[in-house]
Amino acid sequence: MAKYPEIQGGGSLILAWQARGKHILMVGGGEVAAGRIVHALNADANVTVVCPRSGLNDEVSFRISRNQVTYIDRTFEPRDLDGADMVLCAIDDPAASTRVWQLCKERRIPANIADVPSECDFYFGSVHRDGPLQIMVSTNGNGPKLASLVRKKIAETLPSNMGAAIQNVGVLRKKLREVAPHAEEGPKRMKWMSGVCESWSLEDLVQMSEQDMDGLLTHYKAGDIPTLEQVR
Ligand SMILES: C[C@@]1(CC(=O)O)c2cc3[nH]c(cc4nc(cc5[nH]c(cc(n2)[C@H]1CCC(=O)O)[C@@](C)(CC(=O)O)[C@@H]5CCC(=O)O)C(CC(=O)O)=C4CCC(=O)O)c(CCC(=O)O)c3CC(=O)O
Ligand SMILES: NC(=O)C1=CN([C@@H]2O[C@H](COP(=O)(O)OP(=O)(O)OC[C@H]3O[C@@H](n4cnc5c(N)ncnc54)[C@H](O)[C@@H]3O)[C@@H](O)[C@H]2O)C=CC1
């Protein structure tokens with residue numbers, strides 16, 4: 001038996017792309033575009049939509065009217081790619097979308113052409129979101145509808161307070177960094193933090209106030225992990 005993970009090729013490299021402040025160009029303003037725009041805005045990207053006004057769906061019109069996106073009222077032109085860090089295309093014109101893809105490849109801009117898996121640097125997936133928690137399901141192009149069903153099944157099994165617990169842990173980790181700022185403390189810090197996550201219940205983590213966190217952190221130096229009750 002090999003002691004290292006077996007390689008299973010044929011998958012995707014699943015990452016959490018940091019799109020904050022980056023420029024995402026959305027070509028098209030229909031139903032599929034509306035969903036893509038939500039994903040991009042949830043990642044704090046600067047989104048520009050290029051699409052003739054007559055083709056906009058209600059949701060995309062709403063985003064434009066609220067200035068949530070920058071809007072260009074016409075069909076795509078190559079100069080729209082200037083300054084784009086990523087391009088998403090969801091239009092009902094296969095020849096035009098292949099042209100968008102080719103131009104993106106010439107300029108090495110990562111792109112997703114909805115409906116054309118062979119013209120995608122990355123695929124979208126079905127996403128569950130609860131505060132800082134995001135879970136993406138991909139079937140690697142095999143069954144998008146099934147991705148959606150699997151995502152719903154996973155979400156059903158999660159406690160409703162999962163996102164809140166993670167948010168609180170985020171605050172605790174920041175505070176721990178202040179108490180133990182030095183790089184050489186890394187291993188101790190990580191072991192203690194893992195210990196808290198393992199021994200406290202989700203309910204404890206949700207209930208934990210800033211005062212509880214400060215109390216808990218006074219135990220870090222000695223390396224012990226009291227219960228929430230003991231902290232209080
Ligand atoms: C490869 C990929 C590229 C990409 O678009 O990024 C792609 C490609 C294609 N989708 C097609 C059809 C449908 N897509 C959906 C829905 C979603 N599609 C999404 C992603 C992806 N779709 C990427 C792979 C993801 C993966 O494999 O896991 C989701 C997960 C995310 C999102 O779009 O944001 C979102 C669900 C979100 C949610 O509900 O949570 C539905 C169902 C519905 O609309 O309700 C249908 C009809 C039913 C069906 O076909 O299953 C067709 C046309 C096939 C044809 O003509 O027959 C192609 C082209 C092809 O397959 O050749
Ligand atoms: N997740 C996926 O991959 C899915 C992909 N699709 C495909 O995605 C594409 C878009 O679907 P929908 O949003 O439902 O279509 P839609 O008809 O609602 O929207 C198409 C939009 O593209 C615009 N458009 C057309 N040519 C343009 C150009 N040259 N420049 C800028 N905008 C242009 C139209 O004005 C319209 O706003 C279709 O090819 C569809 O088959 C559909 C369902 C799921």
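In this predicted model, the centres of domain 1 and domain 3, taken over C-alpha atoms, are separated by 42 Å. The domain assignment from which these names come divides the chain into domain 1 (23-124), domain 2 (126-158) and domain 3 (162-231).

The secondary structure of the chain amounts to 9 helices and 7 strands. With a radius of gyration of 23 Å, well over the 17 Å that the globule rule gives for 232 residues, the chain is more spread out than a compact globule. The extent of the C-alpha trace along its principal axes is about 65 × 55 × 35 Å. Burial and contacts can be considered next. Of the 232 residues in the chain, 22% count as buried. Where contacts link residues at least 6 apart in sequence, 53% of them join residues at least 24 apart.

A pair of helices may now be examined in detail. Two packed helices are described by the angle between their axes and the distance between the axes. Helix H1 covers residues 31-42 and helix H2 covers residues 58-65. Their axes come within 8 Å and cross at roughly 45°.

The contact itself brings Ala33, Ala34 and Ile37 of H1 against Glu59, Val60 and Arg63 of H2. By residue class, this contact of H1 with H2 comprises 4 nonpolar and 2 charged residues, with no polar ones.

Methods: Residues are numbered from 1 along each chain as its sequence is written. Chains are lettered from A and ligands numbered from 1 in the order in which they are written. This is a predicted model: local features need pLDDT of at least 70, side-chain atom pairs count only at pLDDT 80 or more; totals for chains, interfaces and linings use all residues. Domain bounds come from an automatic or database domain assignment. Helices (H or I, at least four residues) and strands (E, at least two) are DSSP runs, numbered from the N terminus. The radius of gyration is taken over C-alpha atoms; the globule rule is 2.2 Å times the number of residues to the power 0.38. A residue is buried if 20 or more other C-beta atoms lie within 10 Å of its own, exposed if 12 or fewer, and partly exposed in between; C-beta atoms are placed from the backbone. Two residues are in contact if their C-beta atoms, placed from the backbone, lie within 7 Å. Axes are lines fitted to C-alpha atoms, for helices over the stretch in contact, and angles run from 0 to 180 degrees between N-to-C directions. Ala, Val, Leu, Ile, Met, Phe, Trp, Tyr, Cys and Pro count as nonpolar, Asp, Glu, Lys and Arg as charged, and the others, Gly among them, as polar.
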